[in-house]
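Please keep the sequence and the coordinates in view while reading.

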Amino acid sequence: MPKVKTNSGAKKRFALTGTGKIKRKHAYHSHILTKKTKKQKRNLCKMGLVHSSNLTSVKELLCLR
């Protein structure tokens, strides 16, 4: 059997925590920042966790079981 390859886009975007959860970055923080408030930009900087409804598909991309 051939080896299963990790999705190269997903491995750049997601990271595992020590407890096994998957970290992610927030969207909407790359451009058009002038119309967004300081509070909104500050909260978008922080890392979030992948929602449970998307967890199986992200784990599949990262070749996790």
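Some conventions apply throughout. The model is a predicted one, in which local features need pLDDT of at least 70 and side-chain atom pairs count only at pLDDT 80 or more, while totals for chains, interfaces and linings use all residues. Residues are numbered from 1 along each chain as its sequence is written, and side-chain values use heavy atoms, with hydrogens and water left out. Helices (H or I, at least four residues) and strands (E, at least two) are DSSP runs, numbered from the N terminus.

Three strands form an open sheet in the order β1-β2-β3, with antiparallel pairing; two strands pair if DSSP finds at least two bridges between them. At the edges are β1 (15–16) and β3 (48–49), each of which pairs on one side only. The pairing of β1 with strand β2 (residues 22–24) is antiparallel and runs over two bridges. Within β2, K23 is the bridge partner of A15.

The loop between β2 and α2 comes next. I32 has its place in this loop and adopts a positive phi of about 55° although it is not a glycine. With a relative accessible area of 49%, I32 is partly exposed. L33 is found in the loop between β2 and α2 as well, and it counts as partly exposed at 29% relative accessibility. Between the C-alpha atoms of L33 and G9, which are 24 residues apart along the chain, the separation is 24 Å.

Helix α2 (residues 38–45) contains K39, a residue that is exposed because its relative accessible area is 56%. K39 also belongs to a positive surface patch, formed together with K38, R42 and K46. Such patches are made of residues with over 30% relative accessible area and no salt bridge; like charges are joined within 9 Å, and nonpolar side chains (Val, Leu, Ile, Met, Phe, Trp, Tyr) within 5 Å. A salt bridge here is a side-chain nitrogen of Lys or Arg within 4 Å of a carboxyl oxygen of Asp or Glu. Lys and Arg count as positive and Asp and Glu as negative, whereas His and the chain ends are not counted.

The loop between α2 and β3 holds M47, which is partly exposed with a relative accessible area of 45%. M47 and H26 are 21 residues apart along the chain, and their C-alpha atoms are separated by 6.6 Å.

E60 is found in helix α3 and is exposed, because its relative accessible area is 66%. L64 lies in the segment after α3 and counts as partly exposed, at 30% relative accessibility. The C-alpha atoms of L64 and V50 are separated by 14 Å, the two residues being 14 residues apart along the chain.

Technical notes. Areas by Shrake-Rupley, 256 points an atom, 1.4 Å probe, with all protein chains shown as cover. Charge placed at Lys NZ, Arg CZ, Asp CG, Glu CD. Buried < 20%, exposed > 50% of the residue type's maximum accessible area, 1.4 Å probe, protein only.
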